[in-house]
Amino acid sequence: NIPSEYAFLSKILFSVPDKENTSFICVFANNFLSAQDKFKMTFRRYLMNNSLIAVIQSNFSESNKIQKIILVGKNKLDNPHNSLRYFITPKDKNISEDDISRIVQKCLNNETFDEKEFYNISKIKAYTLQEIRENDYQISMPQYYEDEVNPNEIKSLSEIVGDLKT
């Protein structure tokens with residue numbers, strides 16, 4: 001009764017010798033982040049504590065309109081308590097491979113993101129393991145909202161003063 005994606009990832013996580021560090025990228029149902037049944041909650045808790053690097057919201061499938069997420073991680077993180085976990089929602093399906101590569105490199109380097117840095121292409125929220133635990137391992141993906149102010153369009157106080165002087 002174990003869904004195939006959980007069985008696949010379990011094999012990756014637990015069949016690799018301890019000396020090897022194996023990375024994974026796999027597609028999961030969107031309810032992975034909020035599922036309440038005991039098995040899925042335990043699995044989510046294990047991944048967030050030990051393996052997860054990023055969760056990426058994928059676009060709707062053209063054929064069935066089912067939302068999926070992409071999990072990125074390693075069978076064992078080197079320093080799980082000090083590593084950030086990234087939750088990424090692309091703005092639209094036209095995100096370029098170069099943009100994805102830049103975002104992924106920052107995630108792999110455990111770098112924090114400035115909210116403005118990728119706002120035009122993707123919303124990214126980084127959480128510490130402590131923040132995830134405080135939320136009982138249930139995290140919402142960042143979202144774009146209608147009428148949301150683009151932080152890249154907000155002028156600094158010095159720019160406003162300069163405009164007033166002009």
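Q: What counts as a helix or a strand here?
A: Both are DSSP runs: a helix is H or I over at least four residues, a strand is E over at least two, and they are numbered from the N terminus. I103, for instance, has its place in helix α3.

Q: And how do I read the model itself?
A: It is a predicted model, in which local features need pLDDT of at least 70 and side-chain atom pairs count only at pLDDT 80 or more, while totals for chains, interfaces and linings use all residues. Residues are numbered from 1 along each chain as its sequence is written, and side-chain values use heavy atoms, with hydrogens and water left out.

Q: OK. How many helices and strands does the chain have?
A: Five helices and five strands. Along the sequence they follow the pattern α-β-α-β-β-β-α-β-α-α. The C-alpha trace spans about 65 × 40 × 30 Å along its principal axes.

Q: What share of the chain is buried?
A: Of the 166 residues, 37% are buried. Buried means under 20% relative accessible area, exposed means over 50%, and partly exposed is in between, with a 1.4 Å probe and protein chains only.

Q: Back to I103. Buried or exposed?
A: I103 is buried, because its relative accessible area is 3%. Not counting residues up to four places away in sequence, I103 touches I88, I95, F113, F118, I121, S122 and I124. Touching, or contact, means heavy atoms within 4.5 Å.

Q: How far apart are I103 and S122?
A: They are 19 residues apart in sequence and 9.0 Å apart in space, C-alpha to C-alpha. F118 and I103 are 15 residues apart in sequence, with 8.2 Å between their C-alpha atoms.

Q: Where does F118 lie?
A: In the loop between α3 and β5 (122-127). F118 has a relative accessible area of 3%, so it is buried. With residues up to four places away left out, F118 touches R102, I103, K106, F113, I124 and Y144.

Q: Switching to cores. Which residues touch the most other members of the largest one?
A: L9, F28, F32, L71 and F87, out of 21 residues in the largest nonpolar core. α1 (4-15), β1 (23-29), α2 (38-50), β2 (52-57) and β3 (68-74) each give two or more residues to this core. Apart from it lies another core, of 14 residues, with I56, L84, C107 and F118 among them. A nonpolar core is a set of buried Ala, Val, Leu, Ile, Met, Phe, Trp, Tyr and Cys residues joined through side-chain atoms within 4.5 Å.

Q: What is F28 in contact with?
A: Leaving aside neighbours within four places in sequence, F28 is in contact with E5, Y6, L9, F43, K68, I69 and L71.

Q: Next, pockets. What volume does the largest pocket have?
A: About 310 Å³. On a 1 Å grid over the protein atoms alone, a pocket is an open set of points where a 1.4 Å probe fits, with protein on both sides within 12 Å along at least five of seven lines; lining residues have an atom within 4 Å of a point. Points are joined across faces, edges and corners, and the volume is the space filled by probe spheres set on them.

Q: Why does R102 count as partly exposed?
A: Because its relative accessibility is 43%. D99, at 15%, is buried.

Q: Last one. What is phi of D136?
A: Near 55 degrees, a positive value in a residue other than glycine. Most residues other than glycine have a negative phi. Y137 also has a positive phi, of about 65 degrees, and is not a glycine. Y137 has its place in the loop between α4 and α5, and counts as buried because its relative accessibility is 9%.
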